[in-house]
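Thanks for coming. I have one structure to go through today, so please look at the sequence and the model while I talk.

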Amino acid sequence: MSFSELAIILLSTVLVNNFVLAQFLGLCPFMGVSNKLESAIGMAGATTFVMTLASICTYLVDTWVLAPLELQYLRTIAFILVIAAVVQFVKMFMEKTSPLLYRVLGVFLPLITVNCAVLGVALLNTQKAHSFFESTMYGFGGALGFAMVLVLFSAMRERLAVADVPVPFKGAAIGMITAGLMALAFMGFGGLVSLQ
Amino acid sequence: MIEFIFQNPILSALIALGGLSALFGAVLGFAAVKFKVEGDPIVEQIDALLPQTQCGQCGHPGCRPYAQAIANGEAINKCPPGGQATINALADLLDVEAPSLDSEHGEHLDVKRVAFIREDECIGCTKCIQACPMDAILGAAKHMHTVIADECTGCDLCVEPCPVDCIDMIPVETDLKTWKWDLPATNQKPVFHVIAQEVPVIPLETNVIATDLGRGSALNSDKPDGEKAA
């Protein structure tokens with residue numbers, strides 16, 4: 001596992017196989033928490049944190065518990081369990097050790113438990129048979145891509161809120177259209193790097 | 001034993017998931033004890049009842065420190081902007097007898113007031129700007145100051161420091177923008193009051209129309225026509 005391979009995984013998950021715009025995972029927070037730049041940054045930070053941790057934990061559970069017992073068919077439910085526990089633990093830990101960080105990210109943490117991007121990254125890791133470092137990098141890269149797109153999108157929506165949009169397109173409708181255009185723009189990254 | 005578990009997929013699945021759940025439960029239980037935060041919800045509740053003028057007339061730098069002090073046993077009658085209504089609400093929350101307002105800290109005025117700077121007399125000393133807890137006074141050194149009326153909570157703190165006494169506290173006149181329902185002071189949610197206030201208005205108006213048009217028969221306008229025709 002060389003450094004360049006890890007860098008390629010990072011680049012490909014952030015830009016080419018972006019979780020939101022190319023794999024369409026985690027669309028609920030993408031549409032739901034992007035009305036304000038401030039809350040989008042909070043959500044992005046919390047998700048980055050949890051996705052990286054969750055991909056590490058799910059890798060460990062998959063390799064050391066599920067694989068030896070040949071229980072791979074229980075992955076989904078086991079991963080949900082792991083993610084819920086990790087999120088809750090992070091919330092408690094953060095509340096105690098860093099009240100400031102907790103005040104910024106705290107409200108978003110419970111939301112992440114049901115974020116499909118987090119479960120998606122765990123399942124994709126096992127599907128692609130990633131090693132430990134690859135899994136971590138994949139989770140971190142995916143989270144970084146999610147964070148970037150969420151922040152960019154919320155900045156756009158803040159502009160859209162004051163733009164003169166035709167009445168039928170006001171609100172969520174123009175948000176959806178913008179997200180679609182953003183996905184089209186990200187298709188331009190396709191073929192930038194190729195794995196294997 | 002271990003071989004038996006490995007050969008029995010249902011048993012191994014149960015043990016694996018059960019073990020994971022028990023492990024996470026134990027970790028979270030440990031974390032709940034280890035990382036317990038000493039939150040004090042009573043301070044939040046008291047703070048919610050205080051008027052948030054941040055005027056400092058109680059002797060504390062703001063409403064939240066006063067809420068903290070009340071939680072530590074300080075008297076609850078030191079808040080002039082809140083008046084008797086706030087004292088009653090606090091007494092209700094803390095389950096104590098409601099004292100009357102301590103006049104040492106100022107008097108409660110029923111009329112909402114805002115500061116007003118007589119601008120031609122202002123010398124631009126910025127002393128009132130420094131005194132204002134709400135940042136509601138606008139101005140710069142040696143330039144005229146003025147008050148943002150919407151931000152002003154009427155706390156009087158700017159009146160004292162003014163060297164030329166050019167600040168008046170003027171009552172806010174009720175107009176279409178500032179008028180509010182005079183709701184009875186209970187703990188119910190305001191939405192109920194609004195409904196309760198609106199309901200009697202409808203029959204009242206119909207009565208007025210009815211009496212105007214003569215002897216209440218206008219309520220059922222079909223009837224007189226029918227009688228005439230008969």
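Residues 40-61 of chain A are 100% helix and 0% strand, and the end C-alpha atoms of that span lie 30 Å apart. By helix I mean a DSSP run of H or I with at least four residues, and by strand a run of E with at least two, both numbered from the N terminus. Residues 73-93 of chain A are 90% helix and 0% strand, with 31 Å between the end C-alpha atoms. Both spans come from the UniProt record, an unreviewed entry, which lists 6-28, 40-61, 73-93, 100-124, 136-155 and 167-193 of chain A under "transmembrane region". UniProt positions are given here in the numbering we use, feature names are shortened, and annotations may be inferred rather than shown by experiment.

Some housekeeping. This is a predicted model, where local features need pLDDT of at least 70 and side-chain atom pairs count only at pLDDT 80 or more, while totals for chains, interfaces and linings use all residues. Residues are numbered from 1 along each chain as its sequence is written, and chains are lettered from A and ligands numbered from 1 in the order in which they are written.

Now chain A as a whole. How many helices and strands does chain A have? Nine helices and zero strands. Of its 196 residues, 40% are buried. Buried means that 20 or more other C-beta atoms lie within 10 Å of the residue's own; exposed means 12 or fewer, partly exposed is in between, and the C-beta atoms are placed from the backbone.

The largest nonpolar core has 53 residues. Such a core is a set of buried Ala, Val, Leu, Ile, Met, Phe, Trp, Tyr and Cys residues joined through C-beta atoms within 7 Å. Among the residues with the most contacts inside this core are A:Val50, A:Ala54 and A:Val86. The largest share of the core, 13 residues, comes from H3(A). Beyond its neighbours within four places in sequence, A:Ala54 is in contact with residues including A:Val82, A:Val118 and A:Gly139. In contact means that the C-beta atoms, placed from the backbone, lie within 7 Å.

Next, H1(A). Its 14 residues should span 20 Å at 1.5 Å a residue, and the end C-alpha atoms are 19 Å apart, which agrees. The expected span is 1.5 Å times one less than the number of residues. Buried residues in H1(A) include A:Ile9, A:Ser12 and A:Val16, and H8 of chain A is part of what covers the buried residues of H1(A).

Two loops are worth a look. A:Asn35 is in the loop between helix H2 (27-32) and H3 of chain A. Which residues does A:Asn35 touch, leaving aside neighbours within four places in sequence? A:Ser154 and A:Arg157. A:Asn35 and A:Glu158 are 123 residues apart in sequence, yet 6.5 Å apart in space, C-alpha to C-alpha.

The other loop, between H7 and H8 of chain A, holds A:Ala129. A:Ala129 is not a glycine, but has a positive phi of about 50 degrees. Most residues other than glycine have a negative phi. A:Ala129 is exposed, with 8 other C-beta atoms within 10 Å.

Last, the interface. In chain B, 13 residues are in contact with 15 residues of chain A. That side of chain B divides into eleven nonpolar, two polar and no charged residues. Here Ala, Val, Leu, Ile, Met, Phe, Trp, Tyr, Cys and Pro count as nonpolar, Asp, Glu, Lys and Arg as charged, and the others, Gly among them, as polar.

Key:
Two residues are in contact if their C-beta atoms, placed from the backbone, lie within 7 Å.
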